[in-house]
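I opened the notebook with two things to look up.

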Amino acid sequence: MKKYWFYLFAFVLFSCESDGQKLMTTPEENPEVTIPFKVEREHVKPIWTLSDQGLQNELQNLVNAEPKWKRLTQQKKMAIGLVLLNDTSNVKFARINGSDIMYAASLPKIAILLAAMDALDKGEIKETDELRNDMRLMIAKSDNAASTRIMDLLGFEKIEAVLKDPKYLLYDEEHGGGLWVGKRYAKTGRRYPEPIKGISHAATVTQVCRFYYLLIYGQLVNFDRSSQMLSIMEDPELHHKFVNSLEKVAPKAKLFRKSGSWQNYHADSILVWGPERKYILVALTEDPEGEKILRDLALKVDNILKYLN
């Protein structure tokens, strides 16, 4: 029996290939695999190298089947990013308008969370019960007062520095920009807009997908801080957009999520981690019916992923 367990351990250990991304094959083989993964940074492949034409075609066909979605994407008023994670030795990435920066309302609060974790890890701010509570309120309930308190603690320059840090490059002017937070979530205070379009709260779907991708590989700050961030983002308390749909079709899945809405702008981002589906979905829209569009998009994407590996 001891010999059996030794060989079992050895098999699991050495099945992790040298590129760092062979952590499982299909959900059925190991449905309980947990995140974040503990992987060395140099072994995590850049997400743009994972572009998959088959998944791209599926996503484009899904959009083209809905005349309004097709029109919105052609007008650069809708962007979608999708990362299929069922097989971590063969992660697949697809996006439409992936590098087009758009107003994203409260979705970029994930950038505040990252900057706060970076500051905590460097000892620049103190970890208190109040701060932990504010981080949870900011993400789970999108509480503007909590978000502003954390922003005031950090400052715009700190958030920018973390987003532009070469370790992350979650805002990269040479590739369309990305995540940006340049205004307090309050009526007062100065603007600190991003350089490309001058947007205060901005995102591209590619960079938001990268945020979640780096997070599940334990690459945001470090493994422990990535784990802490995931715990804060799990179990969203706002049940609209993606969550409204996915709670119905994937009740056993863990949902890690941040969304945002303001006037005609609706955004959502989610990591779905369940026994039958594992993926990242991000969408940005500018349309009065954006909330409904995002609910319908989540259902249609989840449906096509049932048939893909």
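For sorting residues, I count Ala, Val, Leu, Ile, Met, Phe, Trp, Tyr, Cys and Pro as nonpolar, Asp, Glu, Lys and Arg as charged, and the others, Gly among them, as polar. The model is predicted, so local features need pLDDT of at least 70 and side-chain atom pairs pLDDT 80 or more, while totals for chains, interfaces and linings use all residues. Residues are numbered from 1 along each chain as its sequence is written, and side-chain values use heavy atoms, without hydrogens or water.

Entry: cavity. I looked for sets of points on a 1 Å grid over the protein atoms alone where a 1.4 Å probe fits but cannot get out. I found 1 cavity of 30 Å³ or more. The largest cavity holds about 30 Å³, taken as the space filled by probe spheres set on the points. I listed its lining (an atom within 4 Å of a point): Ile139, Ala140, Ser142, Pro236, Glu237, Leu238, Arg257, Lys258 and Ser259. That splits into 4 nonpolar, 2 polar and 3 charged residues. Strand 8 gives the largest share, 3 residues. Helix 5 (129-140) and strand 8 (254-262) each supply at least two; both are DSSP runs (helices H or I, at least four residues; strands E, at least two).

Entry: Gln219. I placed Gln219 in the loop between helix 8 (205-216) and helix 9 (223-233). Is Gln219 buried or exposed? Gln219 is buried, at 4% relative accessible area (buried is under 20%, exposed over 50%, with a 1.4 Å probe and protein chains only). Its side chain reaches the backbone oxygen of Val39 at 2.8 Å. I also noted contacts (heavy atoms within 4.5 Å) of Gln219 beyond four places in sequence, including Glu40, Tyr168 and Ser226.

Conventions. 1 Å grid on protein atoms, 1.4 Å probe; cavity = no way out; pocket = protein on both sides within 12 Å on 5 of 7 lines; lining within 4 Å. Polar contact = N/O pair within 3.5 Å; in protein donor to acceptor, adjacent residues only side chain to side chain.
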